[in-house]
Amino acid sequence: MDSDKFDAPLLGILQNCGELEPFLEVVLGFLYRKTDFFRPLSSDQSMGFPPGVAQEKLLKVFKKYERQGNPGTVPRSPPSTTNHPPTPPATPGLPTTTTAPKPATPAPEPMEQIQGDWSTTNWDHHNGGVTEHYAWSQTAQDVELKLALPNPNIKASDLKIDIKPYNLKVQLKQENTDLQTLLEEKLHSLVKPEESMWSLHKGECVQINLEKGRDGYWWTAMFEGGDNINLSDIDTTRCMHEFGNEERACVQKLMFDQQQKIKGQPSSDELATEEVLKKAWNAKGSPFAGTEYKRGMVNLSNTFPPEPPAGSGIGNT
């Protein structure tokens, strides 16, 4: 998505707000008022998000730009500013004392292989599944994979992740510059590598967000040959923001018509027809010109009478 084209209006809003926090209030307030982003999905309505999904989407975008601003490098510790007493000058005739050197830091132990229970069952696997070493979830547009790591001290710079249209490889850099492969699998379906990303949850897992190559195609497994999930168990409800402009307009029209029906008011199509009739009511040559328009004189739900059945003789000349 080319977000640069929105820079001018957003910059104007930011300058008007003066500070970052009010600007974020404007953005999130807009999502609250005009979308279903903050609306929890419930059994009595089809709009909104399942619990935790909205936060995940917000965190996904945050992590994307956080990673661009800080590509995983860990800053070096600044030199110590602790005041130490000065070393006294050597006295003639006396032996000079020197500080004993600190013992060398022992080399880190080799990385352990992935094994054991990493409590992945607590991770989100909405519309997906969970195994001993990873959990995955999906929406109509993307797939999220959380992979357990063998060491809580792993940094983002220690990882090498290769995302290809049908393959995923996760490797860990070793002390001897070798790479330990943590995962190498063929994906269940096509993804878009250029629109996919990953982030490190230090001490827990690496999260990989894959953009689906086929929008609306539901995966039955994370990897080829993996455990399949039941398609009938998938929640196919789509949030309003996931629809295109035309689909969104159609959904909004249906919602409006439903509300109008409950109130006993005309639908959007009937209101549009009524606007045409109002213009024709006072048009030049109209027998109603100069009189007040009355809605009850026209049946908006069935403006044109049905054609008579064939062979009835009605309407034949």
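Two strands are said to pair if DSSP finds at least two bridges between them. Helices (H or I, at least four residues) and strands (E, at least two) are DSSP runs, numbered from the N terminus. The model shown is predicted: local features need pLDDT of at least 70, side-chain atom pairs count only at pLDDT 80 or more, and totals for chains, interfaces and linings use all residues. Residues are numbered from 1 along each chain as its sequence is written, and side-chain values use heavy atoms, with hydrogens and water left out.

**Figure 1. Overview of the protein, with five helices and eight strands.** Along the sequence, the elements follow the pattern α-α-α-β-β-β-β-β-β-β-β-α-α. Of the 317 residues in the protein, 28% are buried; buried means under 20% relative accessible area, exposed over 50%, and partly exposed in between (1.4 Å probe, protein chains only). Contact means heavy atoms within 4.5 Å. Among the contacts with a separation of 6 or more, 48% are accounted for by residues 24 or more positions apart.

**Figure 2. Strand β3 (residues 142-148) and its partners β2 and β8.** Seven of the seven residues of β3 are buried, so the strand is largely enclosed by the rest of the structure. D142, E144, K146 and A148 point one way from β3, while V143, L145 and L147 point the other way. Strand β8 (residues 205-212) pairs with β3 in the antiparallel sense over seven bridges, and K146 stands opposite Q207 of β8. Strand β2 (residues 134-138) also runs antiparallel to β3 and is joined to it by five bridges. Y134 has L147 of β3 as its bridge partner. Three residues lie between β2 and β3, which form a hairpin.

**Figure 3. The largest nonpolar core, with 29 residues.** A nonpolar core is a set of buried Ala, Val, Leu, Ile, Met, Phe, Trp, Tyr and Cys residues joined through side-chain atoms within 4.5 Å. L159, L168, I208 and M222 have the most contacts inside this core. At least two core residues come from each of β2, β3, β4 (159-163), β5 (167-173), β6 (179-186), β7 (191-201) and β8. Not counting residues up to four places away in sequence, L159 touches L149, I154, Q171, L172, K173, L182, W198, L200 and V206.

**Figure 4. The open sheet of three strands, in the order β4-β5-β6.** Pairing in this sheet is antiparallel. β4 and β6 stand at the edges with a single partner strand each, so one side of each is left without a neighbour in the sheet. From one strand to the next, the twist averages 10°, where axes are lines fitted to C-alpha atoms, for helices over the stretch in contact, and angles run from 0 to 180 degrees between N-to-C directions. Strand β4 has a covered face, made of L159, I161 and I163, and an uncovered one, made of K160 and D162. Five bridges pair β4 with β5, and K160 has Q171 of β5 as its bridge partner. These two strands form a hairpin with three residues between them. β5 pairs with β6 over seven bridges, and the bridge partner of K173 in β6 is L179.

**Figure 5. Packing of helix α4 (residues 245-263) against helix α5 (residues 268-281).** Two packed helices are described by the angle between their axes and the distance between the axes. Here the angle is about 85° and the axes of α4 and α5 are 9 Å apart. That makes α4 roughly perpendicular to α5 (angles under 35 degrees count as roughly parallel, over 145 as roughly antiparallel, 65 to 115 as roughly perpendicular and the rest as oblique). K253, F256, D257 and Q260 of α4 and S268, D269 and L271 of α5 make the contact. By class, the contact has two nonpolar, two polar and three charged residues; Ala, Val, Leu, Ile, Met, Phe, Trp, Tyr, Cys and Pro count as nonpolar, Asp, Glu, Lys and Arg as charged, and the others, Gly among them, as polar. Q260, in helix α4, is buried, with a relative accessible area of 11%. Leaving aside neighbours within four places in sequence, Q260 is in contact with Q265, P266 and L271.

**Figure 6. H125 in the loop between α3 (53-69) and β1 (129-130).** H125 is partly exposed, with a relative accessible area of 33%. Although 12 residues separate H125 and S137 in sequence, they are 4.3 Å apart in space, C-alpha to C-alpha. H125 touches V130, W136 and S137, not counting residues up to four places away in sequence.
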